[in-house]
Amino acid sequence: MLSSLPDAFAILMTLEGLLVLVLGTALGIVLGAMPGIGSTVAVAMVLPFTLSMGQAPAIMLLLAVYAGSVYGGSIAAILINTPGTPQSAATCLDGYPMAQRGEAGLALGWATVASVIGGLVSAVVLIFAAPQLAAFALQFGPIETFTLILLGMTCIVSVSTGSLVKGLLAGMIGIFLSTVGGDPIVGEMRFTFNNWQLFAGFNLLAVVIGVFALSEVLMRASAQLSTASELVDFKGVTLPRLAMWKGRRRTLGKSVLIGNMIGVLPGTGAATAAFISYAEGRRSSPNGDKFGTGEPDGIIASEAANNAVTGGALVPTMALGIPGDAITAVMLATLTLHGITPGPKLVEDNPTLIAAIFAGFFVINLLLLPLGLVLSRVAAPILRVKEAFMMTAIVLLCAVGVYFVRGNPFDLAVMGAAGVAGFILRRQGFPMAPLVIGMVLGPTLEITLRQGLILTDGSFWAFFYGHPIALALGLISVFALIFPLLRQFMSMQRRSL
Amino acid sequence: MQKLLNEQAMVLMGLFLIGSGLYASTFAQSFSNVATAQSPVFFPRTILMLWMGLTLIALVQAMHQNEASAPVASLGRVALLLVTSVVYTNVIGHEGFFLPSVVFAAMSLHLFGIRNPIVVALYAVVVPGALVLLFNHMLSMPLPVSRFTHLF
Amino acid sequence: MTLQRVAAFFACSLLAAPVVAADDFPERPINLIAPFNAGGGTDLLLRGFAPHFAEAIGGDAFVSNMAGGSGTVAASALQGQRPDGYQLGYFSITVSTIQPQIKNVPYDVDSWTPICSVAASPTLLFTNADTPYQTAADVVEAANAEPGKLVYGSSGPGAMTHLTTVAAFAGLGILDKLKHLPFQGSGPAVKELTAGTIQFFGDTEILMTRGDFRPLMVFNSERLESYPDVPTATETGIKAPLNELYLWGGLFAPAGLEPEVTAKLEAACEQAVASEGFQDFAATSGTVINYRGAAEFEAFFRQQYESNGALIEAAGL
């Protein structure tokens with residue numbers, strides 16, 4: 001495949017190739033930055049155009065829009081606390097407090113640099129180690145995945161700002177919401193009360209957008225109305241100076257690694273990576289205790305990881321023909337449409353095309369930096385509007401975004417209800433990030449647990465016997481659960497002395 | 001008694017009632033008789049039990065701390081926006097995107113303190129109108145339309 | 001005055017709406033509903049079909065997505081719509097015949113006006129190429145030797161992949177000697193087939209070619225051209241109605257569509273399926289075209305609804 005790289009760059013460096021990359025990335029950033037509009041809707045918007053394009057440009061456009069929208073999502077999350085996707089929810093935790101302190105530009109700067117580095121490293125890993133990583137992904141059966149998700153769940157403890165009990169409770173509400181609908185193993189309906197709309201369960205994005213974006217609008221309506229003519233003090237992205245990186249490189253490196261590894265495993269996703277990386281950053285970073293109060297390390301941990309997932313998710317997609325997430329599934333279907341069968345021989349049979357896709361992915365991540373800088377300068381005046389205009393636009397955009405996720409007006413009603421519930425809970429100091437973690441990881445936790453029990457004939461302890469990866473992850477989960485409690489206990493002891 | 005009547009305690013008690021109601025509902029429905037852990041309600045029941053337990057702990061904590069919730073600047077404004085949002089998100093399916101959005105935008109702008117009728121009217125028509133124009137007519141990705149015409 | 005005018009306009013449109021003028025059909029764009037997410041197999045097939053359909057009917061047609069509940073949400077929503085011919089759903093065998101028999105959805109066999117069928121692919125039972133099972137007889141022998149050791153996967157309970165494996169193993173009489181492991185979608189199931197966690201999976205030919213897999217039988221009336229050595233299910237001893245299984249799909253309108261409109265839509269569908277553009281599209285995307293007109297499709301659909309009941313019972317759904 002490496003030998004095809006020159007040919008691949010020849011494909012990219014045509015006018016059409018460059019145009020697709022630049023415009024696609026820019027469009028992705030703009031769409032992702034709109035509250036309520038996430039990667040799913042952005043990809044659905046460009047999909048019809050890809051049907052009439054050639055193989056390489058079609059895939060490139062999808063990738064560009066996807067990577068752009070993942071990065072763009074951090075903009076809405078940081079500036080107005082309204083993530084359009086679950087994977088940006090972790091970015092809010094420190095990004096928004098920084099923006100409130102008046103450091104919006106710098107917060108976005110950290111997010112931009114972390115995103116670009118996360119994406120670039122994952123592109124390099126993709127180009128050089130895709131087959132090895134694909135083999136690693138195959139080691140992760142249901143039992144291993146279960147323990148990984150368990151580890152992800154322990155992040156609820158780390159992101160429970162304020163009250164741990166309320167965080168755990170929010171997590172339970174999230175997991176519960178994900179169990180509504182068809183049982184994943186036997187297919188019977190749960191908590192649907194004979195309402196066919198509920199047969200498909202609650203849509204994750206409808207709930208996420210409700211509890212973050214819509215409830216944010218309600219929170220602002222309940223507070224003293226801002227009389228300022230500018231909602232956020234934002235003049236564009238300010239890149240952090242090199243000296244400011246002191247002591248943060250380790251967090252960055254770890255986050256990129258976590259994002260890559262988790263991205264490679266099909267069906268786990270960017271939100272899991274962002275939260276696990278955030279929790280690990282909080283544990284190991286020298287600035288760990290400041291997490292949640294506007295600490296750049298928190299932004300780095302979340303953004304580097306969720307962008308590194310994009311490259312990771314392409315590994316099983318391209319090396320095995322198995323989609324890593326919903327977006328890579330669309331890419332595979334697009335390939336099929338162009339007469340290419342995805343599968344283990346994909347790279348062997350189409351070396352130039354795949355090399356072009358990988359190289360294109362590298363270029364897209366390079367483009368994020370200049371495009372992010374330029375677009376944020378252009379967009380800054382738009383953000384300098386009165387609160388009323390901004391809040392109203394957020395609700396309208398959220399309605400559009402949620403409607404297009406599944407094309408079902410019922411999801412809008414779910415968003416409305418989630419907004420009200422989120423507002424009530426947030427007023428009582430319930431953190432919303434655990435609810436998102438619960439809802440993202442809940443379904444996988446349940447299905448992998450039950451799949452594992454089918455495979456071991458009902459013995460839970462057999463999960464750890466003969467499954468070394470599962471045993472290791474299980475132990476790390478226990479440690480991750482105990483460590484924050486231990487630290488809290490020790491600091492209490494110290495204080496009492 | 002006073003401690004049981006504050007907003008925080010009421011929310012927690014509400015959560016407890018919802019949790020226990022859902023828990024009870026799992027017994028009303030009959031499920032296929034499969035091994036315990038594979039029963040469709042095993043996992044949700046476990047979660048709901050944790051839900052109820054955690055609510056009780058939070059209630060006990062709340063009684064000991066008795067902290068006041070954040071003040072609401074204007075109860076009328078929040079209540080009105082709350083109701084408007086819920087109605088808005090529920091009627092789009094029947095009445096289309098455009099008309100409810102115009103009404104919602106006008107209400108929301110007013111509630112957030114924009115009093116100039118021309119600005120309100122202009123914004124309420126132009127922003128939803130632009131979205132409908134973009135999605136329904138330029139992208140062939142239509143938002144729900146009203147019962148009157150397929151154009152918006 | 002203005003108010004009266006507006007009122008009159010609304011009243012007119014309300015009164016005028018139920019009257020469908022068959023002669024003028026179509027007066028506005030036709031909505032083809034894919035009951036799955038944008039970018040999935042069904043969605044892309046429909047997007048390839050839509051322009052040719054629009055050309056044939058002399059109007060406009062667009063694809064919209066309404067995903068969820070294995071396609072039942074879109075079908076349930078369409079079932080309650082006015083049958084005016086402007087809203088058509090592209091439903092597969094599972095959405096139209098399996099799901100209504102296992103879930104309490106608001107539609108059944110009588111809720112539709114079938115327009116035409118577009119595609120139908122037989123399913124295959126396959127195993128990973130490095131397993132020792134060369135024929136169905138090998139599987140029967142292994143399953144009988146060590147009951148509960150072999151595992152078959154599916155993309156979810158009640159999915160086509162589930163019914164294929166059930167048809168195979170129930171037909172061979174070894175269903176209770178194997179374990180069923182459902183996944184969320186074909187992707188993770190195929191990954192576990194590659195990794196060896198599951199040994200068997202059933203899907204269409206296009207999916208099977210995505211991995212290094214060995215077909216054991218095909219649920220078709222005759223052997224496939226592309227796999228002349230693979231026996232049909234009937235040849236391995238599986239009896240009707242479990243011996244033939246096709247993943248088919250076609251256009252449906254809500255019940256009660258006017259015959260003139262049905263005829264127009266049917267003619268447009270036939271022309272679109274036969275068009276060179278769609279034939280090319282089917283060839284590159286591996287779609288197996290299978291056109292049936294309205295009357296023939298309705299008979300086929302009702303017969304399938306009946307016979308799939310046996311399959312559902314065998315699957316214990």
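Select chain A and colour it by secondary structure: this chain of the predicted model has 20 helices and 2 strands. Its radius of gyration is 22 Å, close to the 23 Å that the globule rule gives for 497 residues, so chain A is as compact as a globular protein of that length.

Now colour the chain by burial. Of the 497 residues in chain A, 68% are buried.

Next, show the contacts within chain A. Take those between residues at least 6 apart in sequence: 80% of them join residues at least 24 apart.

Now select residues 269-284 of chain A, which form helix α12. How far apart are the end C-alpha atoms of this helix? They are 23 Å apart. At 1.5 Å a residue, the 16 residues should span 22 Å, so the two values agree. Then bring back the rest of the structure around α12(A). Here 14 of the 16 residues are buried, which means that the helix is largely enclosed by its surroundings in the structure.

Leave chain A and select chains B and C. In this pair, 5 residues of chain C are in contact with 5 residues of chain B.

Key. Residues are numbered from 1 along each chain as its sequence is written. Chains are lettered from A and ligands numbered from 1 in the order in which they are written. This is a predicted model: local features need pLDDT of at least 70, side-chain atom pairs count only at pLDDT 80 or more; totals for chains, interfaces and linings use all residues. Helices (H or I, at least four residues) and strands (E, at least two) are DSSP runs, numbered from the N terminus. The expected span of a helix is 1.5 Å times one less than its number of residues. A residue is buried if 20 or more other C-beta atoms lie within 10 Å of its own, exposed if 12 or fewer, and partly exposed in between; C-beta atoms are placed from the backbone. The radius of gyration is taken over C-alpha atoms; the globule rule is 2.2 Å times the number of residues to the power 0.38. Two residues are in contact if their C-beta atoms, placed from the backbone, lie within 7 Å.
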